[in-house]
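I open this notebook to record what I looked up in one structure. The entries cover packing, aromatic rings, strand pairing and backbone angles.

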Amino acid sequence: MPSPIVHAAPSGKPWLVSYNQDAVTLYKREHQSGLIEIRVHADVTTTFSAFLRLFEDTNNVPNWLHNVNQTKVLAQLSPNENVVYTTFAAPWPAKNRDMVTYSRYYQTGKRFVLEISDASDYLAPQPDYIRIDKVRSRWELTKLEDNQVFVVYTAFADVGGALPDWLANQLTIEGAIETFKGLKREIADYQHLSHPNVTD
């Protein structure tokens, strides 16, 4: 069982366990303006190639990334850098959301990192959507044995609009939990694939 407090943030606010089930532990901490930042620790059976192929399969993203309607690559800046547009279905009565992000990945030995940050300036606001901004997330995978990896995922975003903080925070937690459930389910179908940019 994980400790209910991981460590104190530089601001002095600690990470607190919010969920711990099926080899997935979610921590939260207060961030700014009443919103929370999350961190997830998870054990996943996968290769680095399968993980990357899952993320690159934009047609399948709605099947595992919670509440996503669609995702598409707006620009490939280099073999390991992309600008991506994603739309989300928001629960009634909230308005649907979208976000534009810059992503970059790299590998150093037994560690694979995917970093995602806000790139809202790349695309003008779209009608019928509220833009999610201040996006910042990081996926860090550490290779163990027998195709096991330890995943550390950290994320923060401002969902925008008039959602009360308590609802935005609840949706953030629920979304992360459901995303990891979907990731673990869908990633099994990618294990036979290799990727030219990573070494398994």
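The entries below follow the order in which I looked things up.

**Basis.** I worked with a predicted model, in which local features need pLDDT of at least 70, side-chain atom pairs count only at pLDDT 80 or more, and totals for chains, interfaces and linings use all residues. Residues are numbered from 1 along each chain as its sequence is written, and side-chain values use heavy atoms, with hydrogens and water left out.

**Nonpolar cores.** I took a nonpolar core as a set of buried Ala, Val, Leu, Ile, Met, Phe, Trp, Tyr and Cys residues joined through side-chain atoms within 4.5 Å. Buried stands for under 20% relative accessible area, exposed for over 50%, and partly exposed for values in between (1.4 Å probe, protein chains only). The largest core holds 38 residues, and F112 and W139 have the most contacts inside it. Elements that contribute two or more residues to this core include β3 (24–30), β4 (36–45), α1 (48–56), β10 (133–143) and α2 (165–186). Such elements are DSSP runs numbered from the N terminus: helices (H or I) of at least four residues and strands (E) of at least two. I also noted a second, separate core of 5 residues, among them A75, V83, Y85 and A119.

**Contacts of F112.** I counted a contact when heavy atoms lie within 4.5 Å. With neighbours within four places in sequence left aside, the partners of F112 include F48, F51, L52, W139, L141 and V198.

**A168.** I located A168 in helix α2. Its relative accessibility is 4%, so A168 counts as buried. Beyond the neighbours within four places in sequence, A168 is in contact with L35 and V159. I also looked up the C-alpha atoms of A168 and I36, which are 8.8 Å apart although 132 residues separate them along the chain.

**Aromatic rings.** Rings of Phe, Tyr and Trp (its six-membered ring) pair if their centres lie within 6.5 Å; planes under 30 degrees apart are stacked, over 60 edge-to-face, and the rest tilted. F55 and W139 form an edge-to-face pair, with 5.2 Å centre to centre and 80° between the planes. Because F55 lies in helix α1 and W139 in strand β10, this pair ties together parts 84 residues apart in sequence. F55 is partly exposed at 21% relative accessibility, whereas W139 is buried at 4%. One aromatic cluster is formed by F48, F51, F55, W64, Y105, F112, W139, Y153 and F180.

**Strand pairing.** β8 and β10 run antiparallel and are joined by 7 bridges, with V113 opposite E140 in β10. β10 and β11 are also antiparallel, over 9 bridges, and D133 stands opposite D158 in β11. The hairpin of β10 and β11 has 4 residues between the strands, and D146 in the turn has a positive phi of about 55°.

**Positive phi.** Most residues other than glycine have a negative phi. I found that D22, not a glycine, has a positive phi of about 55°. D22 lies in the loop between β2 (14–21) and β3 and is exposed at 55% relative accessible area. D128 has a positive phi near 75°. D128 is in the loop between β8 and β9 (130–131) and counts as exposed at 60% relative accessibility.

Methods. Two strands pair if DSSP finds at least two bridges between them.
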